[in-house]
Amino acid sequence: MKLARAGRGMRWRREEKATPHQPNKFLEEALQQNKREGLVLAVKARLLSLVVIGIFLIYLVWDFSVIYYEVLILAFAVIGWAQIRFGRVERSRTELFLLFLDLALMTVVLVVPNPLDGRPWSVGMQYKYGNFPYFFVLLASAALAYSWRTLFAVAGYTTILWMGAFYWASRIDPSLPELSAKIQAAIEGYPENYLVLDPNHIFFESRIQEILIFFIVACILALILRSGTSLSAKCGSNPLPSCSRILSVSRKWRSNRRRKASSTCCVNSIREWRTPSSRIRERWTSFWAMV
């Protein structure tokens, strides 16, 4: 009996392996819907973040020059709309271009001084404010909208753009050389303090630290997304049993249940038939209790 069941199970498994796995259209539709919902959710989160950042910039820069940053915030919103417009499940060069444009615009905002601001300023002072964490907003949006491989592209693009901006900033002429000379004369004998206070000096070690932390966070998010993607792919690639198999299993389960119920009833009836004296004793005891 057991050998026959095992033989039927092996035959069924062999038939499953012999039939090629057909593409699961329901899984493809679910992936497309998930990509669309992720893009919409990412753009909503982006718009909310841009509104918060725009209000914070108005509070931080209370003059006419804040219009420069507000216009750039509108440019970020337009890029988000374009990502929804051209987003799809397959690999898209347009999406990668929009992602690169997003990161390039963020690099320009953080490195290039505001042209509408008339105060004396330098590129080195832009770096001293430590505005690199704004890149993590774009990384979080990419984690909501794109696949785990795209996060590695985000980390690579950010590394190239940020280190390229550092190379450009270290090669241009200093904007405030007279201020650097005055600071050096004031704190002569303290070279380490001079490097911190110099408005034209940019620390290379800090840029490496920023990129390293960004890359580590991107890798962790990519691993989380990859685990979820592999799970959905396994669920979609495993074929479901046929209807005949499901019906046969259900019929077998019902027959076993009926057989078990009938055997239980027979055992109970046999027990009652074997002990008639106990029933007579119970009736006699109840009669005398009523009397």
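This is a predicted model: local features need pLDDT of at least 70, side-chain atom pairs count only at pLDDT 80 or more; totals for chains, interfaces and linings use all residues.
View 1. The pocket is lined by 27 residues, of which L57, L60, V61, Y69 and N131 are the closest to its centre. At least two lining residues come from each of α2, α3 (66–86), α4 and α6, and α2 gives the most, with six residues. By class, the lining of this pocket divides into 18 nonpolar, six polar and three charged residues.

**View 2. The largest cavity, holding about 70 Å³ of space.** The model has two cavities of 30 Å³ or more. Lining the largest cavity are L39, A42, V43, R46, Q83, L99, D102, L138, S141, A142, A145 and Y146, and the elements that give two or more residues to this lining are α2 (25–60), α4 (93–111) and α6 (135–145). Eight of the residues lining the largest cavity are nonpolar, while two are polar and two are charged.

**View 3. The second largest cavity, with a volume of about 40 Å³.** Its lining is made up of L110, Q126, Y127, G130, N131, F132, W162, R207 and E210, with α5 (123–128) and α10 (204–237) being the elements that give two or more residues. The lining of the second largest cavity comprises four nonpolar, three polar and two charged residues. N131, named here in the cavity lining, is also among the residues closest to the centre of the second largest pocket.

Notes:
Residues are numbered from 1 along each chain as its sequence is written. Side-chain values use heavy atoms; hydrogens and water are left out. On a 1 Å grid over the protein atoms alone, a cavity is a set of points where a 1.4 Å probe fits but cannot get out, and a pocket is an open set with protein on both sides within 12 Å along at least five of seven lines; lining residues have an atom within 4 Å of a point. Grid points are joined across faces, edges and corners, and a volume is the space filled by probe spheres set on the points. Helices (H or I, at least four residues) and strands (E, at least two) are DSSP runs, numbered from the N terminus. Ala, Val, Leu, Ile, Met, Phe, Trp, Tyr, Cys and Pro count as nonpolar, Asp, Glu, Lys and Arg as charged, and the others, Gly among them, as polar.
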